[in-house]
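Biologist: I am new to this structure. Please show it to me, and then we can go through how to read it.

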Amino acid sequence: DEFSMQEDAVKIMAFDGIINVENISEKDIEQTIFIYYKNYEDSQYRGGITYRVRIEEGLKAGEIRQLKASHFHEGKSRILMVSFGG
């Protein structure tokens with residue numbers, strides 16, 4: 001199965017140590033939101049670890065939430081997928 005970025009519902013902006021998540025849909029997202037990312041360098045994913053950050057209470061329509069993602073490094077990490085629920 002292909003990983004989903006939920007692009008119709010959320011916009012992800014990632015920087016060193018920070019991931020911003022914005023609900024771009026017109027509906028509240030009530031489920032927990034998970035963002036998965038991995039180290040990526042020289043056109044390859046590095047190491048066996050996939051990191052995950054989450055928003056427990058979901059996001060209201062139009063809301064932006066900033067998450068600490070200490071292992072995310074701009075240019076050396078990639079967002080793999082976004083999922084809702086448990």
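Biologist: What is the accessible surface of the chain, and what share of it belongs to carbon and sulfur atoms?

Modeller: Accessible areas come from the Shrake-Rupley method with a 1.4 Å probe, and for residues only the protein chains shown count as cover. Here the surface comes to about 5700 Å², with 44% belonging to carbon and sulfur atoms. This is a predicted model, where local features need pLDDT of at least 70, side-chain atom pairs count only at pLDDT 80 or more, and totals for chains, interfaces and linings use all residues. Residues are numbered from 1 along each chain as its sequence is written, and side-chain values use heavy atoms, leaving out hydrogens and water.

Biologist: How many helices and strands does the chain have?

Modeller: Both are DSSP runs, numbered from the N terminus: helices are H or I with at least four residues, strands are E with at least two. The chain has zero helices and seven strands.

Biologist: What share of the residues is buried?

Modeller: Buried means under 20% relative accessible area (1.4 Å probe, protein chains only). Of the 86 residues, 35% are buried.

Biologist: Which residues have the most contacts inside the largest nonpolar core?

Modeller: In soluble globular proteins, nonpolar side chains tend to be buried together. A nonpolar core is a set of buried Ala, Val, Leu, Ile, Met, Phe, Trp, Tyr and Cys residues joined through side-chain atoms within 4.5 Å. The largest one here has 18 residues, and Ile19, Val21, Ile35 and Tyr37 have the most contacts inside it. Strands E1 (10-15), E2 (18-23), E3 (33-41), E5 (51-55) and E7 (77-84) each supply at least two residues of this core.

Biologist: Which residues does Ile19 touch?

Modeller: Contact means heavy atoms within 4.5 Å. Not counting residues up to four places away in sequence, Ile19 touches residues including Ile35, Tyr37, Val53, Phe72 and Ile79.

Methods: Buried means under 20% relative accessible area, exposed over 50%, partly exposed in between (1.4 Å probe, protein chains only).
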